[in-house]
Amino acid sequence: MKNMLIAGNWKMNTNVFESQKLVEYILGFMKTNDNLKSRVLVCPPFTSVYAIGQIVKNSELLLGAQNCYFEEKGAFTGEISIPMLEYCGVSHIIIGHSERRSYFKEDDELINKKLLAILEHHLTPILCIGETLDERNQGKTFDVLKNQLDKDLSGVSKEQIDRIVVAYEPVWAIGTGISATREQVVEAHNFLRQLLIDKFGENANSVYILYGGSLSEKNADEILSIENVNGGLIGGASLKGDSFCSIIQTAEKYVV
Ligand code: PEP
């Protein structure tokens, strides 16, 4: 039994109306299944963040953002600051997602700046890390994960480590319908837990380590039952209310 966080990353999907519909479905599920022990988070696109914040503000449903900039304000056209998100009711911010690393060329130095700024504002970063298929095939998975963690968590103290959520997201499993196998997930999550403990001490035992990559209602039980998996970061399946809620129900079997 363990802590669980089920997080939906809606990516660049849903307009304000569609976001509201989806969140109302999830809230309806949470009402009929009250006393859920798993934490549940949705990360809509920026255009829906304020509207969703108004809907969830007196509920247990947490609100997240998919990105942020590290500066507080100024001449950064097109960027969104952490205080702006905080004002909307955001508690978690995804950073280092592989889509941002690859399409928008975000490097570990930038991700680290975002992570430290999020901590400074007392919000929770969800740091995504993961290897590409080439890296896995070349036997570099653990080196890649260690390298990303070392760089992205640079400057984080032992006292801060349990305020960070880590999401292991093998790049080749994201949006492909091909999830990592149970053995691959066990191996990667055990490795990450040990790495965090070696670097940050016992506080790292309470870090949520999420799995992401084609997690669905079909494979949720196989993956969420793994000891060092504290939930999931879910893309495609989080856009369907029934699939997302079914994953929450599965998480409830393993949560403390
Ligand atoms: C993600 O976007 O973080 C993700 C894991 O997507 P999907 O569930 O669609 O693979």
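This is a short tour of a predicted model, from its barrel to its ligand and then to a lysine after the last stop on the helices.

**Stop 1: the barrel.** Show the cartoon and colour the strands. Eight strands form a closed barrel, in the order β1-β2-β3-β4-β5-β6-β7-β8. The pairing is parallel. From one strand to the next, the twist averages 25 degrees.

Stop 2: Select residues 124-129 for β5 and residues 165-168 for β6. These two strands run parallel, joined by four bridges. Now pick Ile129. Which residue of β6 stands opposite Ile129? Tyr168 does.

**Stop 3: a helix on the sheet.**

**Stop 4: another helix.** Select residues 241-252, which make up helix α10. Which strands does α10 lie across? They are β1 (5-9), β2 (39-43) and β8 (231-234). Against β1, helix α10 runs at about 165 degrees.

**Stop 5: the ligand shell.** Select the ligand and the residues around it. The shell holds 14 residues. Those that come nearest are Lys11, Glu169, Gly175, Ser214 and Gly235. Colour the shell by class: four residues are nonpolar, eight polar and two charged.

**Stop 6: polar atoms at the ligand.**

- Asn9: a polar side-chain atom lies 3.2 Å from a ligand oxygen.
- Ser214: a backbone N or O atom lies 2.8 Å from a ligand oxygen.
- Gly236: a polar backbone atom is 2.8 Å from a ligand oxygen.

How much of the ligand's area does the protein bury? Taken alone, the ligand exposes 300 Å², and the protein buries 96% of that.

**Stop 7: Lys253.** Go back to α10 and step past its end. Lys253 sits in the segment after α10. Show its side chain together with that of Asp221. The two side chains make a polar contact at 2.6 Å. Then pick Ser225, which is 28 residues from Lys253 along the chain. Their C-alpha atoms are 8.2 Å apart.

How values were computed: Residues are numbered from 1 along each chain as its sequence is written. This is a predicted model: local features need pLDDT of at least 70, side-chain atom pairs count only at pLDDT 80 or more; totals for chains, interfaces and linings use all residues. Side-chain values use heavy atoms; hydrogens and water are left out. A residue is near a molecule or strand if one of its heavy atoms lies within 4 Å of it. A polar contact is a pair of N or O atoms within 3.5 Å; within protein, one must be able to donate a hydrogen and the other to accept it, and residues adjacent in sequence count only if both atoms are side-chain atoms. Accessible areas come from the Shrake-Rupley method with a 1.4 Å probe; for residues, only the protein chains shown count as cover. Ala, Val, Leu, Ile, Met, Phe, Trp, Tyr, Cys and Pro count as nonpolar, Asp, Glu, Lys and Arg as charged, and the others, Gly among them, as polar. Two strands pair if DSSP finds at least two bridges between them. Axes are lines fitted to C-alpha atoms, for helices over the stretch in contact, and angles run from 0 to 180 degrees between N-to-C directions. Contact means heavy atoms within 4.5 Å.
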